[in-house]
Amino acid sequence: MYVFLAILLCAFYGFYIGKKKPLKLVQNKDLSKLNSNPKYYGYYIFLWCLIPALITFFTLNFFSNFLIKQIVLDLVPEIETISKTNIEFIYDQIKIMASGNADAFNTDENLMLASDKYKELIFIYDASVFLICTCLSAILLIFFQKKISLEFPARKKVEKFIKFFLLICSIVAVLTTVGIVLSLFFESLRFFKQISFLDFIFGFHWSPQIAIREDQVGSSGAFGSIPVLTGTFLITFIAMIVAVPVGLFSAIYLSDYAHKKVRSTLKPLIEILAGIPTVVYGFFAALTVGPFIRMTGESIGLNIVTESALCAGLVMGIMIIPFISSLSDDIILAVPQRIKDGSYALGATKSETMKKVILPAALPGIVGSILLAVSRAIGETMIVVMAAGMSARLTANPFEAVTTVTVQIVTLLVGDQEFDNPKTLAAFALGLELFILTLFLNLMALKIVQKYREKYE
Amino acid sequence: MRQLYILDTNLRRNGKHMAEEQIIPISKFNKLKKSTSKKVTISVQNITVSYNGKIAVDNISMNINQNEVTALIGPSGCGKSTFIRCLNRMNDVIENCTIEGKIILNGINIYNPEVDIVKLRTNIGMVFQKPNPFPKSIYDNIIYAPKLHGLVSNKSESDDLVEKSLTEAGLFNEVKDRLNDSGTSLSGGQQQRLCIARAIAINPSVILMDEPCSALDPIASAIIEELIDTLKKKITIIIVTHNMQQAARVSEKTAFFHLGKLIEFSDTSTIFTNPKQKRTLGYITGRFG
Amino acid sequence: MSSIINNDILSPISSKRTRKEKLFKICGLSAIIFALSMLIILFITIFSKGYSAFYQTRIKLNINFNEELIDPTGAREITTLNTADYSKLISQSLFKFLNIDKNHPKSSEIKSLISYNSFLTLRDRVLNDPLIIGKTVKINLIASDDVDQMIKGNISLNISEENRKISDFQIEAINKLKSDGAILTVFNKTLFTKSDSREPEVSGVLGAIIGSFYCLFVAVCISVPIGVFAAIFLQEFAKKNKITDFIEININNLAAVPSIVFGLLGLSVFINFFHLPRSSPIVGGLVLALMSLPTIVIVTRASLLAVPDTIRDGAIALGASKMQAIFNQVLPLATPGICTGVIIALARALGETAPLLMIGMIAFIPDTPIAITDPATALPAQIFMWADHPERAFVERTSAAILILLSFLIVMNATAIYIRHKFEKKW
Ligand SMILES: Nc1ncnc2c1ncn2[C@@H]1O[C@H](COP(=O)(O)OP(=O)(O)OP(=O)(O)O)[C@@H](O)[C@H]1O
Ligand SMILES: [Mg+2]
């Protein structure tokens, strides 16, 4: 904490000096001789005092954490024999003891020793970091304030830095993707070391319950992802059957039939459907739609489970409606009015114009929006977690319970996580599968939509 | 006689470029036409159009003769497009637009609630300022409307109709080898002729043209003008144009609009040589507008 | 030839075409009606299930703070006061009120009319004011959830006793309490002042709201500056080349990556790699920040694009650098649009559940979080957990929590719409 204060102090002082110095350099307050506004000299020094010191601080912090942990844990006897999770636990204990909240239950000699060492190391670390960072800041301050002269292009340099900073910000998005890919990939790799890749991709049996203890009876775990995928597709398919016609027809009605006023009230109303959190849909599905479907089924002599694929798909379809309708609406409206006029002038009715001229022209865009909606449905989690079942069944019967990729990820990861157990790692393999699937759909959709946009520009 | 000068692109004679424009005293220009027809196709009676209560076309009455070309001229924003779109009720598409008055087509007021707007538009075709072929093949562009109206029943009939319409529009020879190409792949002039071909494929009795040549170069315009000349034997044509020479060349009667009002409406020869109104004179001699 | 068609503009087009036209229109209309009726049904179900959670049944009792029971020695030591048997005070007063012997075989049924946690209320009273000992005070105690549900009419009394949550004997007692005016229905303060609990009648959403608030706070601090700066770079400075194209595709794709994948990212990077505390709002906020980043970039770019070039040119013509023109002239003009977009992105993040499940924000956490590194839950995660409880009282609370969440979302979206209308500029 003090480190930050010291660095900031340095930086603000640098700003002050940087701003004052050029004013002293010019005679008669003739600022036009200066290369840049004096403020920029201030910013320039400020940045040089602040940024390198902060970078040093965070780098040191990151590496020292590992170093300290290593040194401290070496003091614990027989550390090699302890499992990884327990090591974390012991380390946490040491930290707690060092902070003075040693609980009465743990007075283990070795741990005491380790915690004392920890305290010592932390103290040394804090002191040295403080010194290093503050000195760095101060040295840079002295060095760069010497550089200030009348001709010094401070504004250009500062702007260059800002531009670089902006670039870094936009790279965060790329880093996120890289982070997703790497994390999914490496955890999946660990999974595929234990379970064969082919079994996962082509296996027809999914029951990830694995015996955690040796003596436990029960299944040995099977990780064939096909039934999970078919379940996902079944629910997505049902959702699309609901959402595509409803969404498309709403878009058609809104863009072509409804009056302006009606349109401006109806459109936001439908878009509310997209703003409702999915957990609410999940609750709605589990509490109202599921029992309703089961009762309807009973009354016509069908045996439908409450957690049927139909229920999850239906509710998901409702959620997807606004995605399709507002995307299609935009796309239909993007077809220029003069083309519609051309059709009307030939004596075509509205529906004929829509079916034979506008929709064929807008088709690629609509396909793109449907693909985006499919990607969304595949990745949707809460509705299926709350309203679809857990049993991985290979079926196309919408009245049965099926499971989905996202449901399985949630069930595998909620609760105890053990990162050396295939059961936990399987979630990441499923996550990778999901990511690749949606990536493929998204890229395709984005490409189609983009191409389509260019056509009318 | 007042000495009026207008521009003549002279294109018909030598097909050369715009740069060849020359100024000819109007007295030497004796091709201006006069109305000869006695039969009225459309009778416009006190039409007033307003957008959101703002009047765009103010109480206009005029008669449009059969098998003649009527040209509408006037400065930008004076309501020509609004007026011409009334004639096949294209303004119905625009929400905030209100129309009063009567337009009598063969004894029937087209604003009569019983009139089927779709039927009306099959009777009165329209060609727009910017060529607007559908993003479909040339063949489908032509056959779209006849199919809707059930004018063709089989493939050979369709083929015949496509060929006939394209020939009438003077486009057939240029596109006969690529009827399956997209209509949007044609040049601007070809696209506009495609739109005309598309309009005449359903045999309308009237065609409305809203600045059909404004997006085209002089050569393509000249071809369309010739086309208009041939079409008028069968079809009544109403054309909006900003090009005075075009109006003078193609039309029998000319109407001059200004600020939503019909200032003058008479034979083309009268309008261009001996206008009654000062404003008309000012406009056609280029003093305003 | 043309006159043939001319004469029949009065006759309608073929009935087949008219029918098709009508059918098409009806399809469109029914699609709209379907979507809207689903919306209405959804709201009505949630509201009708949830509104009753906003009031609560209390039982007014004369509690005798009997010194013998609480602190017979009279020393008033904190430990004695802390550990005294306050439940007994309650049951005594209840038995007295109902004229029931404490050895009555069904006396435990009577005890369970009052919420199990009520002794805490008495204890806090005593700890606050030890002088109360020995006095008799009227106190409104929270009724147990079964009593609450019965009073609200959610328990059908017609079914047989063993299928009912509440016994005949209890019903009799409740009716007696009722006729004596000891049963009150009051506004349910607990819902807003308490966190999660195993007992539905004393559970509330305060902890979840604070958790959600912390998450959003972290998310805003991270995603807004980064998103806005990234958008400025991409829209104003980036030259069109392979790298910026790649960044753009990346952002567009990220906007459509399933939220659960962001949860996996958070789990393996923030928790397993950087060892940030599990279940904490800081991790939740980081994940939500990454999730809303693409949306913020996209809206910010759109708002920047809407500012006409004349503004930039004007500033540059006055001798400003491009950077100055953008930060001093363009950005302020784009701010309302950016705000609108950011609020909408955050509203979406507020309702997001799946990534929070991945990073463990669905533990049972009865404490209200203090710091952003404390274990916490969030409002949607709380809804998810409560939705798992079959008790009627929890269904009611789940719906109420949904109503609270929805009202937050409505407020946020309304603000966004207000900003858009207020500052909307037509260039
Ligand atoms: N859809 C509309 N909504 C509101 N006002 C309109 C609309 N269309 C046209 N107007 C207004 O009506 C008036 C006449 O417009 P119109 O398009 O008929 O003029 P024009 O004579 O065709 O002009 P131009 O020669 O430029 O095509 C104009 O003032 C215009 O602003
Ligand atoms: Mg016009």
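## Contacts between and within chains

Between chain C and chain A, the count comes to 1 salt bridge. In this predicted model, the salt bridge joins the side chains of A:Glu352 and C:Arg17, with 2.7 Å from N to O. Helix α2 of chain C, residues 15-50, supplies 21 residues to the side of chain C that touches chain A, the largest share of that side. Sorted by class, that side of chain C holds 56 nonpolar, 14 polar and 6 charged residues. Polar contacts across the interface of chain C and chain A amount to 13 residue pairs, where both residues have a pLDDT of 80 or more. In all, 76 residues of chain C are in contact with 80 residues of chain A, and the two chains bury about 6,600 Å² between them, with 80% of this area on carbon and sulfur atoms.

Within chain C, the domain assignment gives domain 1 (52-188) and domain 2 (206-423), and the centres of these domains, taken over C-alpha atoms, are separated by 46 Å. Contact between them involves 11 residues of domain 1 of chain C and 8 residues of domain 2 of chain C. The area buried between domain 1 and domain 2 of chain C is about 700 Å², with carbon and sulfur atoms giving 54% of it. On the domain 1 side, C:Ala53, C:Phe54 and C:Gln149 lose the most area to domain 2 of chain C, and together they make up 54% of what that side buries.

The rule finds 1 salt bridge across this domain interface of chain C, and the side chains that meet in it are those of C:Lys152 and C:Glu396. There are also 3 residue pairs in polar contact between the two domains, both residues being at pLDDT 80 or more. Helix α8 of chain C (residues 145-151) gives the most to the side of domain 1 that touches domain 2, with 3 residues, and the residues of that side divide into 2 nonpolar, 5 polar and 4 charged.

| Side chains | N to O distance |
|---|---|
| A:Glu352 and C:Arg17 | 2.7 Å |
| C:Lys152 and C:Glu396 | 2.9 Å |

Chain A is divided into domain 1 (2-152), domain 2 (156-194) and domain 3 (206-452), and the C-alpha centres of its domain 1 and domain 3 lie 49 Å apart. As for confidence, chain B averages a pLDDT of 83, with 89% of the residues scoring at least 70. Over residues 1-28 of chain B, however, the pLDDT is below 50, and this stretch has 47 contacts in the model beyond near neighbours in sequence.

Definitions and conventions
Residues numbered from 1 in each chain as written. Chains lettered and ligands numbered in written order. Heavy atoms only, no water. Domains from an automatic or database assignment. pLDDT = per-residue confidence, 0-100. Contact = heavy atoms within 4.5 Å. Buried area = accessible area lost by both parts, 1.4 Å probe. Salt bridge = Lys/Arg side-chain N within 4 Å of Asp/Glu carboxyl O. Polar contact = N/O pair within 3.5 Å; in protein donor to acceptor, adjacent residues only side chain to side chain. Helix = DSSP H or I, 4+ residues; strand = E, 2+ residues; numbered from the N terminus. Nonpolar A, V, L, I, M, F, W, Y, C, P; charged D, E, K, R; others polar.
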